[in-house]
Amino acid sequence: MTAMTPGTVLITGPTGGLGRETTLALARRAEAERPDLLLVGRPGKSLSAVASEARAEGAVVHDIGADLARLSDVRAAASTVSELVAAGRTRPLRGLIGNAGLMSVDTHAASADGYELTFAVNYLAHAQLIDDLRNQFSSPARIVLVGSNTYHQNIFRKMLRVAPAHWRDPIEMAHPLPAHEPASMERSGIAYSDSKLAILYYAHELQRHLPDGVTVAVFEPGFMPGTGLSRAFGGPALQRIGQAIQAIPGVSSPARSGPLLASVAADARWAHLKGGAFVVKNAERPVRPFAHDRIREQQLWAATAQLLRTPSRS
């Protein structure tokens, strides 16, 4: 399959699960189609290890340590990327995969900037990174954000007690749960789903602010039992069950979904995607009507600018 114009792809959260498998899938591409890789993640042995694995596959790799729960780290990472591109130490930036994410069990937890931790890492960190790098992309370029169908609830997610999004003022969503209100798994699930609905709204609005040739898509890897989200909901027991379920053909896993995410970021098959098009594993799918809302998208865009400019200290 023909790839997009070779260049550099940045990926957040490359150290484990989906991020690691996506990184290695990109590194294993044929030499003529293999991008340089910028790996942005928490500094330490795991980041060094995946960078070494990708280099062993033949890729040019720069690992950039950053705590995505700290916006100053995100800004510093973007500055490093800009310096690498300007100095010619890496090829033109043609892709960004916003993969990093978490689901905080306790929605009282705050990022270094005072924001609710799930919203801060899943959404705000990527909005900051993209805003800082908007002028660094060389056309054609793709931004692929990792989303989730948890933004709405179907029968399967209702059985698993996965809470759907509960959209409200983005400034309110960005604040941790007040100390006097009890944390719960339902609140945690809502915070996660809110962050993923925010990604859809943001992707739609972001496309309106990008130059021609830079496109935005959202990728849903499929529910991956045994990984982060199922651990958060069900603990070690569900994790063990999930890992066993992963052996069933057709069930999503990092090993199966990682190459699919790499394909969306780099293959010609997906060159038509734009405007926050939603890809579930290996097929483009429509989102629910409420996930397209121009008023909410504009409000989120304005609120995001405010949040990134004025960190909360409450």
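**Close-up views of a predicted model**

View 1. Leu206 belongs to helix α7, which spans residues 185-209. The structure shown here and in the following views is a predicted model. With a relative accessibility of 0%, Leu206 falls under the 20% limit and is therefore classed as buried. Apart from neighbours within four places in sequence, the residues in contact with Leu206 are Ile130, Ile143, Val216 and Trp301.

**View 2. Crossing of helices α7 and α10.** Helix α10 comprises residues 294-309, and its axis comes within 9 Å of that of α7, with a crossing angle of roughly 85 degrees. Because this value lies between 65 and 115 degrees, α7 is described as roughly perpendicular to α10. On the α7 side, the contact is made by Ala198, Tyr201, Tyr202, His204, Glu205, Leu206, Arg208 and His209. The α10 side contributes Arg294, Arg296, Glu297, Gln298, Leu300 and Trp301. Sorted by class, the contact between α7 and α10 contains six nonpolar, three polar and five charged residues.

**View 3. Aromatic pair Tyr151-Phe290.** Six aromatic pairs are found in a search of the whole structure. In the pair formed by Tyr151 and Phe290, the ring centres are 5.7 Å apart and the planes stand at 65 degrees; the pair is edge-to-face because this angle is over 60 degrees. Tyr151 is located in the loop between β5 and α5 (155-159), and Phe290 in the loop between β8 and α10, so the pair ties together parts separated by 139 residues in sequence. Tyr151 is buried, its relative accessible area being 2%, whereas Phe290, at 36% relative accessibility, is partly exposed.

View 4. The rings of Tyr202 and Trp301 form a stacked pair, with 5.9 Å from centre to centre and 20 degrees between the planes. Tyr202 is part of helix α7 and Trp301 part of helix α10, so this pair ties together parts that are 99 residues apart in sequence. Tyr202 has a relative accessible area of 5% and is buried. Together with Phe119 and Tyr123, the residues Tyr202 and Trp301 make up one aromatic cluster.

**View 5. The eight-stranded sheet.** An open sheet of mixed pairing is built from eight strands, arranged in the order β3-β2-β1-β4-β5-β6-β7-β8. Its edges are β3 (61-65) and β8 (283-285), each of which pairs on one side only. On average, and with direction ignored, neighbouring strands of the sheet are turned by 25 degrees against each other.

View 6. Strands β6 (residues 214-220) and β7 (residues 277-280) pair in the parallel sense over four bridges. Phe219 has Val279 of β7 as its bridge partner. Helix α2 (residues 45-56) packs on the sheet and touches β2 (36-41) and β3, its direction making about 170 degrees with that of β3. Helix α9 (residues 254-266) also packs on the sheet, where it touches β4 (93-98), β5 (137-146), β6 and β7. The direction of α9 makes about 150 degrees with that of β5.

How values were computed:
Residues numbered from 1 in each chain as written. Predicted model: local features only at pLDDT ≥ 70, side-chain atom pairs only at ≥ 80, totals over all residues. Heavy atoms only, no water. Pairing = 2+ DSSP bridges. Helix = DSSP H or I, 4+ residues; strand = E, 2+ residues; numbered from the N terminus. Axes fitted to C-alpha atoms, helices over the stretch in contact; angles between N-to-C directions. Contact = heavy atoms within 4.5 Å. Buried < 20%, exposed > 50% of the residue type's maximum accessible area, 1.4 Å probe, protein only. Parallel < 35°, antiparallel > 145°, perpendicular 65-115°, else oblique. Nonpolar A, V, L, I, M, F, W, Y, C, P; charged D, E, K, R; others polar. Phe/Tyr/Trp six-rings, centres within 6.5 Å; stacked < 30°, edge-to-face > 60°.
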